[in-house]
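Please look over the sequence and the structure shown here before reading on.

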Amino acid sequence: MQAIVMTETGAPEVLVPHDVDEPRPGDGQVVVRAEAIPVLYPETMVRAGAYPFPAPLPAVFGFQAAGTVVELGAGVDPALLGARVVTDTGGFGAYAEFVVTATDSVAVIPDGLTTDLAAATQMPGSVALALVAAAAPAPGETVLVEASATGVGSCLTQLCAARGARVIATAGGAEKARLARKHGAAEVVDHSVPGWADQLRELLAGNTVDVVFDSIGGDSLTPLLDVVTPLSGRILSYGWLAGAPAQLGAVDLILRGLTLTGCAGTAWLGEVARQRPAALEAAAQGLLTIGVDSVLPLTEAAHAHRKLENRTALGAVLLRP
Ligand SMILES: NC(=O)c1ccc[n+]([C@@H]2O[C@H](COP(=O)([O-])OP(=O)(O)OC[C@H]3O[C@@H](n4cnc5c(N)ncnc54)[C@H](OP(=O)(O)O)[C@@H]3O)[C@@H](O)[C@H]2O)c1
């Protein structure tokens, strides 16, 4: 079968199309014929070597896929054969025509949701629902969604606006700002302009932000600390688009009475996985809208990674075997 093999960590060119053996299901596993494979920002970081790859290299790359169950291992419910599903492989094996996966990593796609949209929704919808559950933004609270044109950011914007929060979004450029407004942001700050925290401060005119969903990280949070509501302000750190997690010390938080919740690691990913069916259902019901930027042939995986890294995608990038 056709698959994308990661030969080493590095630039997108380490993702190389190859013919490899089709996987066979073990006990409690199924084989999914992949029809849409989402290209995810965290995958670009793993490929680049920011995280260890969870298997010896070379290996078939890719975290998630959507498609049809075509083969069952021992002990699997026969009703799954032929079902349309999304799956999370736990780290590798998804950029391929056929993907082997444990049944507890599979969720059935609800009627009314296309396989492409299910692939595009699985990760950002589940992460955003887990973040909103952790932050519990109340109606009337002010929420800052950083990088709202990302998959996760666009879902957060929609979910928080639907809860009656005032959403201030950040985005890079006018087109992505328009998208943020379409998803429910009341105001947008352009994070591609240096010193955007000053723009935010002016916009707030002395008011404060109750919840910060931080996906940029690095030193971007430091200038924001004094606009977060003292004593009740919650910061949720879940991404580091700037290349490093939020560079904050405990004293920064203690002196202002702020809470920082780290949203990464194994236990957190368990919370995210629990939200998967709800995310698919929300998309099926039109409560979450995920845009698809492009559907590329599987062999163009390296090009897809470049699209994410150079910020040109407006919505999900999918690969099709
Ligand atoms: N903790 C978790 O469970 C978890 C799970 C999945 C993803 N994440 C994190 O969530 C974030 C979004 O992931 P995604 O897959 O939804 O992203 P995505 O859809 O691939 O978004 C890509 C967009 O990110 C923005 N961006 C890139 N570099 C940036 C920077 N240095 N500063 C500000 N914005 C930047 C760009 O938009 P602009 O042009 O508007 O800047 C770019 O178009 C990432 O940090 C990712 O690692 C966390």
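This is a predicted model: local features need pLDDT of at least 70, side-chain atom pairs count only at pLDDT 80 or more; totals for chains, interfaces and linings use all residues.

**Helix α3**

- The helix α3 (151–162) is mostly covered, since ten of its twelve residues are buried.
- Those buried residues are Gly151, Val152, Gly153, Ser154, Cys155, Leu156, Thr157, Gln158, Leu159 and Cys160.
- After α3 comes Gly164, which has a positive phi, near 90 degrees.

**Surroundings of the ligand**

- There are 29 residues around the ligand, and those that come nearest are Tyr41, Thr150, Gly151, Gly172 and Gly239; of these, Gly151 is also listed among the buried residues of α3.
- By class, the shell around the ligand is made up of 21 nonpolar, six polar and two charged residues.
- At least two residues of this shell come from each of α1 (41–48), α2 (115–135), α3 (151–162) and α7 (266–274), and α2 gives the most, with three residues.
- Both domains take part in the shell around the ligand, as domain 1 and domain 2 each contribute at least three residues to it.

**The two domains**

- The domain assignment of the protein chain places 2–108 together with 291–320 in domain 1, and 124–267 in domain 2.
- The contact between them takes four residues from domain 1 and five residues from domain 2, and the side of domain 1 that touches domain 2 has three nonpolar residues, one charged residue and no polar residues.
- The centres of domain 1 and domain 2, taken over C-alpha atoms, are separated by 29 Å.

**The chain as a whole**

- The protein chain has nine helices and 16 strands, and 45% of its 321 residues count as buried.
- Its C-alpha atoms fill a box of roughly 60 × 40 × 35 Å along the principal axes.
- A compact globule of 321 residues would have a radius of gyration near 20 Å, and the protein chain has 20 Å, so the two agree.
- Among contacts between residues at least 6 apart in sequence, 68% join residues at least 24 apart.

Notes:
Residues are numbered from 1 along each chain as its sequence is written. Domain bounds come from an automatic or database domain assignment. Two residues are in contact if their C-beta atoms, placed from the backbone, lie within 7 Å. Ala, Val, Leu, Ile, Met, Phe, Trp, Tyr, Cys and Pro count as nonpolar, Asp, Glu, Lys and Arg as charged, and the others, Gly among them, as polar. A residue is near a molecule or strand if its C-beta atom, placed from the backbone, lies within 6 Å of it. Helices (H or I, at least four residues) and strands (E, at least two) are DSSP runs, numbered from the N terminus. A residue is buried if 20 or more other C-beta atoms lie within 10 Å of its own, exposed if 12 or fewer, and partly exposed in between; C-beta atoms are placed from the backbone. The radius of gyration is taken over C-alpha atoms; the globule rule is 2.2 Å times the number of residues to the power 0.38.
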